[in-house]
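I opened the model with a notebook beside me and wrote down what I looked up, entry by entry.

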Amino acid sequence: MLVQFAPFVVIFAIMYFLILRPQQRRAKEQRAMVQGARRGDTIVTTGGLIGKITKATDDTEVELEIAPNVRVRVARSGIGDVRAKGEPVKDAPSK
């Protein structure tokens, strides 16, 4: 009986180490990258828009400037890649 189950165990072990484990690691890195996005970072959304983060409204949304004076709100889950880590944008001094 043990000999019959051995190939299944070996196949599962191979699938785990070659497919499942690297995929889990990439997903963890993606989550960390998305949560680490801050003002001034240039990002690419999953829809292909490229822009700069101008404001993090809360933990689930950011405000993205895709053109001069054109800002849109994007869910953090919609961030596909952080292209350039920028310095945080300084707020204009209060008058």
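In which loop does Asn-69 lie? I found Asn-69 in the loop between β3 and β4.

**Ground rules.** I am working from a predicted model, where local features need pLDDT of at least 70, side-chain atom pairs count only at pLDDT 80 or more, and totals for chains, interfaces and linings use all residues. Residues are numbered from 1 along each chain as its sequence is written, and side-chain values use heavy atoms, with hydrogens and water left out.

**Overall layout.** I counted 1 helix and 5 strands in the protein. From the N terminus on, the order of elements reads α-β-β-β-β-β. For these labels, helices (H or I, at least four residues) and strands (E, at least two) are DSSP runs, numbered from the N terminus. I noted an accessible surface of about 7,500 Å² for the protein, 60% of it belonging to carbon and sulfur atoms; the areas come from the Shrake-Rupley method with a 1.4 Å probe, and for residues only the protein chains shown count as cover. Buried residues make up 21% of the 95 residues. My cut-offs are under 20% relative accessible area for buried, over 50% for exposed, and partly exposed in between (1.4 Å probe, protein chains only).

**The sheet.** I traced an open sheet of 5 strands in the order β4-β3-β2-β1-β5, with antiparallel pairing. β4 (70-75) and β5 stand at the edges with a single partner strand each, so one side of each has no neighbour in the sheet. The twist averages 45° from one strand to the next; axes here are lines fitted to C-alpha atoms, for helices over the stretch in contact, and angles run from 0 to 180 degrees between N-to-C directions.

**Strand by strand.** I call two strands paired if DSSP finds at least two bridges between them. β1 (residues 42-45) and β2 (residues 50-55) pair in the antiparallel sense over 3 bridges, and Val-44 has Ile-50 in β2 as its bridge partner. β2 and β3 are also antiparallel, over 3 bridges, with a hairpin of 5 residues joining them. There, Ile-53 has Leu-64 in β3 as its bridge partner. Next I checked β3 and β4, which pair in the antiparallel sense over 6 bridges; Val-62 stands opposite Val-74 in β4.

**Back to Asn-69.** The hairpin of β3 and β4 has 2 residues between the strands, and Asn-69 takes a positive phi near 60° there. I flagged this value as positive in a residue other than glycine. Most residues other than glycine have a negative phi. Asn-69 is exposed, with a relative accessible area of 74%.

**The core.** Which residues make up the largest nonpolar core? I listed 9: Val-34, Ala-37, Ile-43, Ile-53, Val-62, Leu-64, Val-74, Ile-79 and Val-82. β3 (61-67) and β5 (79-84) each supply at least two residues of this core. By nonpolar core I mean a set of buried Ala, Val, Leu, Ile, Met, Phe, Trp, Tyr and Cys residues joined through side-chain atoms within 4.5 Å. In soluble globular proteins, nonpolar side chains tend to be buried together.

I looked at contacts next, meaning heavy atoms within 4.5 Å. Leaving aside neighbours within four places in sequence, Val-34 is in contact with Arg-76 and Ile-79. Met-33 is in helix α1 and is partly exposed, at a relative accessible area of 23%. Not counting residues up to four places away in sequence, Met-33 touches Gly-80, Asp-81 and Val-82. Met-33 and Asp-81 are 48 residues apart in sequence, yet 7.9 Å apart in space, C-alpha to C-alpha. For the protein, I noted that 45% of contacts between residues at least 6 apart in sequence join residues at least 24 apart.

Is Asp-41 buried or exposed? Asp-41 is buried, with a relative accessible area of 0%. I placed Asp-41 in the loop between α1 (2-35) and β1. A polar atom of the Asp-41 side chain lies 3.0 Å from the backbone nitrogen of Arg-38. Then I turned to Thr-54, in strand β2, which counts as buried at 17% relative accessibility. Setting aside neighbours within four places in sequence, Thr-54 is in contact with Arg-39, Glu-63, Leu-64, Glu-65 and Arg-71.

How values were computed: A polar contact is a pair of N or O atoms within 3.5 Å; within protein, one must be able to donate a hydrogen and the other to accept it, and residues adjacent in sequence count only if both atoms are side-chain atoms.
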